[in-house]
Amino acid sequence: MSQGRPELPEQSVERTRVLRSMVSTEELRRRPSRCPDYAAENRALIALAQALATSPEDIVQRLAETALSLCQAHSAGLSLLEDGDRKSNFHWRAIAGQWTPHIDGGTPRDFGPCGTVLDQNVAMVCSHPELDFPYWASIKPVLEEGLLIPFYVNGEAVGTIWVVAHDTSRRFDAEDLRVMTSLATFAAATYQTWLSVNATQRIVAMVESSDDAIISKDLNGTIATWNTGAERIFGYAAEEVIGKPITILIPLDRRQEEDEIIEHIRHGRRVEHFETVRIRKDGTKADISLTVSPVRNSAGKIVAASKIARDITERKRSEKHIASLAREAEHRAKNMLAIVQATVRLTEADTPGELKHAIEGRIRALANVHALFVQSRWTGAELHGLVTQELSPYRRDGETRVRVEGPSLLLEPNTAQTMAVTLHELATNAAKYGALSVPSGKIQVEWSRVTDGRIVLRWTETGGPAVKPPTRKGFGTRVMESMIQQEMGEFRVDWRVEGLACEISMPA
């Protein structure tokens with residue numbers, strides 16, 4: 001692609017080969033994501049709607065400029081398929097940013113990133129397309145990373161909308177994917193209306209295709225228009241609500257907000273990104289973000305209000321979940337640090353090396369159980385995983401030395417943490433003095449849930465050196481007893497001559 005109208009490269013049939021430059025958008029979800037700016041997004045969509053009514057011939061370029069701005073990209077644009085060449089090439093009819101000199105350039109439909117996106121029918125990330133499509137090598141500045149979204153009109157492929165970074169100073173994330181997916185939906189609707197003859201029909205089509213509720217009401221709060229987005233969010237069909245007061249959607253304790261919004265509208269002021277709660281037809285509540293604008297008649301007098309309502313229920317639920325996880329993580333971190341401090345303070349050893357080894361082992365046991373917490377999203381840890389994880393170094397020869405048996409039980413985090421440290425202490429003792437200190441020694445670990453709902457775990461050693469009861473309690477025994485008692489559990493040890501036997505009873 002070059003400035004003006006270059007000769008497009010010939011098509012290639014290599015459409016099924018593995019491409020190095022095209023990857024899944026899963027990569028974006030693994031990156032840290034910026035916070036959504038719904039207010040800016042709402043303003044941009046309203047501006048596009050206004051542009052569609054006043055200058056529809058510029059709407060495609062305005063879409064490119066909107067994508068550039070919302071995603072803070074270096075270049076943005078639309079690649080469109082056209083009937084003039086039987087849709088065999090993508091044409092860049094709208095570009096914003098550093099690639100503006102390439103306006104009206106293009107790429108082959110069947111040999112390029114845009115074609116790959118339509119073939120896969122998914123959004124994709126592109127990086128250095130010259131790796132797969134040699135003609136890209138001459139296009140400057142380079143495409144360091146691009147996000148491409150397909151869009152269709154009435155089920156027919158129209159093209160792609162894309163944003164590009166030309167160096168590593170800008171990397172896209174999951175929020176850019178969300179914004180671009182939303183904008184692609186809007187772009188498809190807008191492009192469809194752009195092809196229409198009547199400007200009024202264009203606006204109606206755009207409003208009806210929106211996922212947001214777009215509602216108009218007079219200054220008395222009577223509903224005048226109601227789109228399909230409003231029907232989807234609130235559950236009412238248009239004929240059920242048009243002519244009725246907007247308060248049908250508003251909880252009693254929120255109606256003062258509506259009076260304040262109308263007062264703003266009467267004074268010609270917009271209300272932007274106002275978060276509130278509304279009631280659906282079925283009585284359930286929805287978290288909503290509102291943008292409300294005054295509507296003027298031909299004489300300039302304010303006669304109504306236009307409202308865009310976005311359902312943010314899922315976002316609010318996610319925010320609460322994240323806050324809950326943060327509190328849980330903080331609690332677990334404090335708890336773990338307290339245990340680490342106690343471990344360091346109370347651990348005894350004859351040499352610095354032995355001291356270091358003892359501390360490292362106990363902290364490693366805590367780290368291992370926290371890895372299991374992450375796997376379960378902090379709901380707890382599976383007991384079988386705790387046991388096998390701690391005894392895995394001693395099971396290299398199969399089940400001949402260690403036997404593990406018990407039902408599937410998910411332990412609450414505090415209980416799991418206590419059990420992890422206890423198992424570590426028992427395994428460490430067995431490796432130093434008990435059954436695991438000699439080749440002939442064996443260990444059996446079994447557990448069950450008893451009638452009162454408690455968990456009973458039994459640790460039995462055989463085949464090791466003859467056992468003598470200790471003359472004093474070591475740190476390992478003291479820490480096990482202390483932690484188990486804190487969890488309302490019981491700890492019993494039988495120093496049998498043939499091997500240590502231990503029974504732990506804890507709340508499920």
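Mentor: Two residues are in contact when they have heavy atoms within 4.5 Å of each other. Among the contacts in this protein with a separation of 6 or more, 59% are between residues 24 or more positions apart. The model is predicted, so local features need pLDDT of at least 70 and side-chain atom pairs count only at pLDDT 80 or more, while totals for chains, interfaces and linings use all residues. Residues are numbered from 1 along each chain as its sequence is written, and side-chain values use heavy atoms, with hydrogens and water left out.

Trainee: How many helices and strands does the secondary structure of the protein come to?

Mentor: Helices (H or I, at least four residues) and strands (E, at least two) are DSSP runs, numbered from the N terminus. Read in this way, the protein has 14 helices and 19 strands.

Trainee: What percentage of the residues of the protein count as buried?

Mentor: A residue is buried under 20% relative accessible area, exposed over 50% and partly exposed in between, with a 1.4 Å probe and protein chains only. Of the 508 residues here, 47% count as buried. For the accessible area itself, the Shrake-Rupley method is used with a 1.4 Å probe, and for residues only the protein chains shown count as cover. The protein exposes about 25300 Å², of which carbon and sulfur atoms supply 52%.

Trainee: In what order do the 7 strands of the open sheet stand?

Mentor: Two strands pair if DSSP finds at least two bridges between them. The order is β1-β5-β6-β7-β2-β3-β4, and the pairing is antiparallel. Because β1 (22-24) and β4 (106-108) stand at the edges with a single partner strand each, one side of each is left without a neighbour in the sheet. Neighbouring strands of this sheet are turned by 30° against each other on average, direction ignored. Within the sheet, β6 (residues 145-153) and β7 (residues 156-165) pair over 9 bridges in the antiparallel sense, and Ile149 stands opposite Ile161 in β7.

Trainee: Which strands does helix α3 lie across?

Mentor: For such angles, axes are lines fitted to C-alpha atoms, for helices over the stretch in contact, and the angles run from 0 to 180 degrees between N-to-C directions. Helix α3 (residues 59-70) lies across β2 (75-81), β3 (89-97) and β7, running at about 60° to β3. Helix α4 (residues 113-120) also packs on the sheet, where it touches β1, β2, β3, β5 (124-126), β6 and β7, and its direction makes about 55° with that of β6.

Trainee: Which residues of α4 are buried?

Mentor: The buried residues are Pro113, Cys114, Gly115, Thr116, Val117 and Leu118, which is 6 of the 8 residues of α4. Their cover includes β1, β2, β3, β5, β6 and β7. After α4 comes Asn121, whose phi is positive, near 60°.

Trainee: Which residues have the most contacts inside the largest nonpolar core?

Mentor: A nonpolar core is a set of buried Ala, Val, Leu, Ile, Met, Phe, Trp, Tyr and Cys residues joined through side-chain atoms within 4.5 Å. The largest one has 40 residues, and those with the most contacts inside it are Leu147, Phe151, Ile161, Val163 and Met180. At least two residues of this core come from each of α2 (38-54), α3, β2, β3, β6, β7 and α5 (174-194), and α5 gives the most, with 9 residues. Leaving aside residues up to four places away in sequence, Val163 touches several residues, including Ala67, Cys71, Leu147, Phe172 and Met180. A second, separate core has 31 residues, among them Met419, Leu436, Ile443 and Met506.

Trainee: Is Cys71 buried or exposed?

Mentor: Cys71 counts as buried, because its relative accessibility is 0%, whereas Cys35 is exposed, with a relative accessible area of 65%. A disulfide is a pair of cysteine sulfur atoms within 2.5 Å, and by this rule the count comes to 0.

Trainee: Where is the place of His74?

Mentor: His74 is in the loop between α3 and β2, and it is buried, with a relative accessible area of 16%. Among the residues that His74 touches, not counting those up to four places away in sequence, are Leu68, Ala96, Val164, His166 and Arg170.

Trainee: How many residues of strand β19 are buried?

Mentor: Strand β19 (residues 499-507) is mostly covered, with 7 of its 9 residues buried. Strand β18 (residues 490-496) pairs with β19 in the antiparallel sense over 7 bridges, and a hairpin joins β18 to β19 through 2 residues. Val493 has Cys502 in β19 as its bridge partner. Strand β17 (residues 454-462) also runs antiparallel to β19, joined by 7 bridges, and the bridge partner of Arg454 in β19 is Pro507.
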